[in-house]
Amino acid sequence: MSFRDFLADRIGFIVIYWINVGLIAAVVQLDLLGKNVSLDGSNIAYMAVLSAAGLASFLLLDYIRQRGYFQGLRSLKQSGLTSHKPKAMEGVISLPTGVTREQRSAVELLLELYGAYTDRLEKHRVSQDQHQTFVRLWVHQMKTPVSVIGLLTEQPHAAPKEAPQRPVGAVLESIQEENEKLRQGLDMMLHTARLEKFEADLRMQKVDLLQAVRHVINEHKKACIRYRIYPKLIASHEACYIDTDDKWLGIILHQIVSNAIKYSKSKHDGSKSLIMTITKDSNGCHAVFQDEGIGIAEQDLPRVFDPFFTGENGRLVAESTGMGLFVAKEACRRLGHRLEIESKLGEGTIVRLHFPRSGALHEGLLPLK
């Protein structure tokens, strides 16, 4: 800011100052007139010169005092802040604190806005990185079932006539299995995208947890038969109603059951069990899923809910994306549910879901994070 601009911003102050000087001179003149005395022109001129000198000195000193702040603003503007250069916003940090309360308040506000801007930018960058990583991983994994389906459909034409051919039923079953992988991959992509607009598609209502678990078991019935996994549902009550979103609850339960199947099918020691226990008490409803799969390494347990983390099991099971438990955990957190997991390598995994009693969230008994 130039000195001319500085004076222009204070034109009102200057006008009021001279009006006050004139009023004081008028009061003095009226008082003297009552005594048959008056101010002569030299005295009035002397008062005006002294007032002007005092005003000019004050304005000049005030400008010098604030010049550092004005120069900081000018430098920040010249650095390209208005042209949206990436590094320009960092100049806000080096902005002088100012000498007046108004200037200090403005600088504090700018710093707060800069902090909020950088936090939001960092969250956006992390979200974009996660999205790009997931898309690359998803595309890579979807290529496998597409290639397998292509090979299966070409088998009758590519195989020599004398070579034994697989029964049509076995080929169709393999195609169905690969198609199921494609469907699950597409669902995971959609669920991950919906997390960004979670509240826009949320509808809380009373849902029977027992019926929801039965529905998910029926959806995975063919996979359980194919891999000789025997689901068993144990319930302490005929119904257990919880406050939740039925669509997101289905996604959470689907992920838990599909993980139990995915990491149990590779064990070739006969049939495996998947035991689901539903209980209810004064604190709410509880669902426990216990499988006899390959389990999770102890060092991997603290990170199983991190996005894209597959750990040791990711090297054993090709279709692991590391996003399923992340989506389930995020959905539980936003719905006010609690998801816990424990496991022993080679023995199996236990997943626990806790749903607070109906109305607990509305009564303020539990924090909705």
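Visitor: At what angle do the axes of helix 6 and helix 8 cross?

Guide: In this predicted model, the axes of helix 6 (residues 209–219) and helix 8 (residues 246–262) cross at roughly 50 degrees and come within 10 Å.

Visitor: Why is helix 6 called oblique to helix 8?

Guide: Angles under 35 degrees count as roughly parallel and 65 to 115 as roughly perpendicular. The crossing angle is roughly 50 degrees, so helix 6 is oblique to helix 8. Their crossing is right-handed. Helix 6 contributes Leu-209, Ala-212, Val-213, Val-216 and Glu-219 to the contact, and helix 8 contributes Leu-249, Gly-250, Leu-253, His-254 and Val-257. By class, these comprise seven nonpolar, two polar and one charged residues.

Visitor: What makes helix 2 and helix 3 roughly antiparallel?

Guide: Helix 2 (residues 11–33) packs with helix 3 (residues 41–78) at about 155 degrees, their axes being 11 Å apart. Angles over 145 count as roughly antiparallel, and the two helices are therefore described as roughly antiparallel to each other. The crossing of helix 2 and helix 3 is right-handed. Among the residues making the contact are Phe-13, Tyr-17 and Trp-18 of helix 2 and Met-47, Leu-55 and Phe-58 of helix 3. This contact has 12 nonpolar, one polar and no charged residues.

Visitor: How do you know whether Asp-300 is buried or exposed?

Guide: Buried means under 20% relative accessible area. Asp-300 has 9%, and therefore is buried. Asp-300 lies in the loop between strand 5 (284–291) and helix 9 (313–316). Beyond its neighbours within four places in sequence, Asp-300 is in contact with Phe-309, Gly-311 and Glu-312.

Technical notes
Residues numbered from 1 in each chain as written. Predicted model: local features only at pLDDT ≥ 70, side-chain atom pairs only at ≥ 80, totals over all residues. Heavy atoms only, no water. Helix = DSSP H or I, 4+ residues; strand = E, 2+ residues; numbered from the N terminus. Buried < 20%, exposed > 50% of the residue type's maximum accessible area, 1.4 Å probe, protein only. Contact = heavy atoms within 4.5 Å. Axes fitted to C-alpha atoms, helices over the stretch in contact; angles between N-to-C directions. Left-handed = near helix turned anticlockwise from the far one by under 90°. Nonpolar A, V, L, I, M, F, W, Y, C, P; charged D, E, K, R; others polar.
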